[in-house]
Amino acid sequence: MEADKTLMEQIRSQKRHELKWDQKTHRKRELDRNRAGLGELHHSIGVIEHITEQEIKGLAGRIKRRKRCDPIDLVRLSYGFQQSRENIAHFIRTTGAINVIVKELTGHDFNLQLLAAECLCNLSLGDDVCCEKIATFAGTYLIALSENPNCRPLQQTCLWAVQNIVGSSPKGSKLLFSQGLVVVLVRLLSSVTDPEAADDIILTLELALNYEQEIEPTILTQIVQCFVGKSLHPGGLRLLYKCYSLMTTDQLLNESSSPHIIQQCLDFLSTVTVETYLPSQAAPILLSIRILAHQVVANPRQIETIFRYQLQKRAFKLSVLFNTCAKDDMLPVCKEFLWLLGQLHYNGGEAGANDPELMKTYLAYDDFVGELSVPKALL
């Protein structure tokens with residue numbers, strides 16, 4: 001168990017580092033694009049190459065004295081925070097400087113709001129102490145602005161800052177949770193229509209679930225409900241799987257949305273069968289299989305849901321998908337797929353109590369017992 005715990009911590013740590021690097025590079029491109037619309041700043045941005053620690057100290061002292069920020073101050077600070085953690089540390093040590101940035105974030109000038117949000121976003125690349133300060137002074141504002149879908153660039157930047165804090169700072173995360181972050185994210189997820197915004201919300205929730213001891217069990221059910229009736233995609237499958245992994249057996253048994261999620265997973269699998277290169281879909285296929293496995297283990301009667309929906313839709317056959325995965329040497333997928341098929345076969349009779357012929361009817365359509373080509377490595 002200790003070895004498993006250590007491995008999970010290593011995986012989470014690696015994921016946090018990858019997330020930060022990906023966000024840092026993507027964010028720079030995105031924010032440059034947003035900032036370019038600010039007119040006179042566009043030329044100034046082009047000549048900023050390196051911000052020294054001394055300049056950061058000077059800028060921090062300057063905005064603290066003036067109690068306000070010029071746009072170019074925010075741009076230079078933002079670039080400086082991206083360039084090194086030493087710059088971040090020097091800024092954080094200047095008492096009161098962060099409050100001036102927060103003041104601009106809560107102002108009425110949209111351009112300054114966006115630049116202040118970018119500044120805090122890059123500042124959140126710092127250590128736990130830095131993230132805790134951001135959560136203390138700006139957490140409620142970042143959460144509130146994340147709820148505004150009418151200003152997508154500002155919403156996105158605030159969510160990035162929150163992701164940085166939740167992804168790397170336990171103390172900062174606890175503060176954000178106490179400020180209502182998870183409740184707001186679930187509310188956003190239930191109504192979001194923009195796919196990019198949905199991805200940001202899903203990733204933030206996924207990171208938040210790493211602190212499972214801080215999450216109310218009812219939140220997991222609410223998150224799952226948000227996906228009912230919607231097309232599933234890799235990000236959504238990842239979050240669903242995480243929710244089911246944290247649920248107790250009793251929760252799974254009482255989960256009213258289970259038949260809907262099962263059907264949606266099967267719909268997703270039916271779409272990937274038309275992919276020309278199936279290994280590119282290995283991760284979401286595996287997640288779909290794991291979600292289905294969670295359902296049938298918790299409640300074998302959900303096997304009836306699988307059989308009946310497959311017979312109704314006739315969109316794809318489980319045996320054909322398995323054989324295609326085997327042909328493409330997708331061994332991790334095949335291993336778990338084989339386990340799921342074993343559960344369907346072993347408990348299929350019990351699941352079809354209302355219709356003793358259901359198992360036979362399904363096997364006549366899709367003989368996942370006799371028509372499998374199991375890779376030798378799994379025999």
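This is a predicted model: local features need pLDDT of at least 70, side-chain atom pairs count only at pLDDT 80 or more; totals for chains, interfaces and linings use all residues.
C151 is accordingly in no disulfide, the nearest cysteine sulfur, that of C158, being 8.6 Å away, and C151 counts as buried at 14% relative accessibility. For C325, the closest cysteine sulfur belongs to C334 and lies 5.4 Å away, which is too far for a bond; C325 is likewise buried, with a relative accessible area of 0%.

The mean pLDDT of the protein is 88, with 85% of its residues reaching 70 or more. Among the elements of the protein, the highest mean pLDDT, 97, is found for helix α6 (residues 97–105), whereas helix α2 (residues 41–47) has the lowest, 47. Over residues 32–44 the pLDDT stays under 50, and for this stretch the model has 18 contacts beyond four places in sequence.

Two further helices illustrate how residues are buried in the model. In helix α5 (residues 85–92), the buried residues are N87, I88, H90, F91 and I92, and the elements that cover them include α3 (53–66), α4 (71–83), α6, α7 (110–123) and α8 (128–146). Helix α9 (residues 152–168) contains Q163, a residue that is buried, with a relative accessible area of 1%, and whose side chain places a polar atom 3.1 Å from the backbone oxygen of D200.

How values were computed
Residues are numbered from 1 along each chain as its sequence is written. Side-chain values use heavy atoms; hydrogens and water are left out. pLDDT is the predictor's confidence in each residue, from 0 to 100. Helices (H or I, at least four residues) and strands (E, at least two) are DSSP runs, numbered from the N terminus. Contact means heavy atoms within 4.5 Å. Buried means under 20% relative accessible area, exposed over 50%, partly exposed in between (1.4 Å probe, protein chains only). A polar contact is a pair of N or O atoms within 3.5 Å; within protein, one must be able to donate a hydrogen and the other to accept it, and residues adjacent in sequence count only if both atoms are side-chain atoms. A disulfide is a pair of cysteine sulfur atoms within 2.5 Å.
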